[in-house]
Amino acid sequence: MTRWLAVVGLLAGLLASGALRAQTLPAVPAMREVALDSVQVAPQAVDISGWLLLDKDIQLELGGAVQNMYNFKFDKAEKQFRSLRRRYPQHPMAYFLLSMSNCWKMMPNSVADTRYDKVFLAYADTAEAKAEALYKADKHNYEACFFLSATYGLESRLHAERHNWRKATVAARRSLNYLDKSREANGLSTEFLFGQGLFNYYAVWIGQEYPWLRPVLFFFPKGNREQGLAQLRQVGRSAFYTGTEANSFLISILDSDRERQTAAAYQLAQQMATKFPDNPYFQLNYAKLAFKQGFLVESEQACLSVLRKYAVGQVGYEAYSCRPAAYIMGYLMQHKYRDVPQAKNYFERCVVYSEQAGTTRRGYYVFAQASLARLAVRERDEPAARRYYRIIVDNTETGQVEYEEAKAWLRTHRQ
């Protein structure tokens with residue numbers, strides 16, 4: 001149910017935001033060390049009456065709404081969430097689902113899209129208040145702990161992407177605290193394993209690779225990478241609310257340089273794209289992974305679908321989503337179809353989409369400029385090549401392949 005559940009709402013949020021660089025973190029209040037282990041705990045005699053999270057009738061009722069949310073049919077989904085709120089005004093679930101809906105509205109460019117911040121935070125604050133009231137009334141209400149851990153995790157992710165490090169750290173520590181409390185319910189439902197799985201996977205290595213995060217991680221327990229992967233797979237297979245979230249994370253994890261399981265990531269991305277055909281985030285993952293695996297027909301179809309949906313103004317399909325789609329199409333036109341004019345057209349569209357999305361310092365913007373420069377060199381159009389290579393030099397840093405290529409060409413082709 002939450003893409004950034006629990007403490008790794010901060011950690012994974014930082015990874016996704018591209019914010020992993022040296023930062024000066026403000027001092028934060030010390031918190032007791034929590035003993036979060038990776039072993040599933042058998043449930044004791046727990047009174048689950050009133051727990052909507054485990055209510056099968058509620059799951060049946062909300063199945064279509066959750067499907068609509070992940071398929072970017074937000075109006076339909078939120079209508080059902082508000083209906084749930086009317087019937088259970090003192091329960092956090094409806095408020096949390098509404099906050100989640102606004103999180104997905106930010107996707108796939110959540111780093112830059114701030115349009116839904118205030119609405120998300122309002123729903124998150126209410127969900128936290130409702131869950132706190134339930135927890136104060138019953139310290140064994142692990143459902144309340146679940147929603148508190150989840151909501152603080154979402155909040156920490158948003159603050160991290162907005163570079164508000166103090167708020168992100170405080171929210172992450174609160175999330176971890178409630179995640180530790182909720183582990184006693186692990187045996188009741190796989191929903192409770194999602195936060196455990198994310199933490200176990202990320203915590204084991206992130207402090208080593210990003211030393212500037214060590215002050216944030218000082219009080220955090222060690223993780224267990226293999227256990228985390230196993231838990232996420234289990235959640236992805238069987239959890240009603242958190243299954244899609246777990247699979248979304250698994251796609252990124254399996255395709256990472258650390259795991260190098262691109263084939264498995266592609267298979268999962270294909271499943272998600274088929275299940276949620278109007279979700280731009282899943283469609284882009286599928287297009288890129290199909291391309292990476294050499295399934296060019298599938299990648300082309302997915303890219304054209306993204307571009308068509310953007311052209312007709314479909315919800316969620318914006319310039320940011322079109323950058324990789326246009327670049328892949330340019331590559332296919334150049335190398336598969338040998339259609340240079342069409343290749344140029346798509347590369348130029350990629351440049352325009354990148355400028356519209358405000359992403360001109362890296363990635364597809366630079367790749368497209370480099371492709372256009374090479375085509376200009378091949379056609380002996382020196383003024384055009386110089387223009388493209390100059391843009392690359394002005395928008396990249398020393399050490400990048402495209403930067404070094406541009407500098408080398410410009411040195412040997414002075415005006």
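A charge sits over a ring if NZ of Lys or CZ of Arg is within 6 Å of the ring centre and within 35 degrees of the ring normal.

**Entry 1: charges over rings.** I note that the model is a predicted one. I looked for charged side chains above aromatic rings and found Arg323, whose charged end is placed over the ring of Tyr320 at 4.0 Å from the ring centre. I also recorded Arg387, which lies over the face of Tyr388, 5.0 Å from the centre of that ring.

**Entry 2: aromatic pairs.** I searched the whole structure for aromatic pairs, and the search gave 27. One of them joins Tyr70 and Trp104. I found both Tyr70 and Trp104 buried.

**Entry 3: a tilted pair.** I then examined Tyr327 and Phe367, which form a tilted aromatic pair with 6.0 Å from centre to centre and 55 degrees between the planes. Tyr327 is in helix α16 (residues 319–335) and Phe367 is in helix α18 (residues 364–378), so this pair ties together parts that are 40 residues apart in sequence. Phe367, at 32% relative accessibility, counts as partly exposed.

**Entry 4: a cluster.** Finally, I followed the ring pairs that link Tyr70, Phe72, Phe74, Trp104, Phe276, Tyr281 and Phe282 into a cluster.

Key:
Residues numbered from 1 in each chain as written. Predicted model: local features only at pLDDT ≥ 70, side-chain atom pairs only at ≥ 80, totals over all residues. Heavy atoms only, no water. Phe/Tyr/Trp six-rings, centres within 6.5 Å; stacked < 30°, edge-to-face > 60°. Buried < 20%, exposed > 50% of the residue type's maximum accessible area, 1.4 Å probe, protein only. Helix = DSSP H or I, 4+ residues; strand = E, 2+ residues; numbered from the N terminus.
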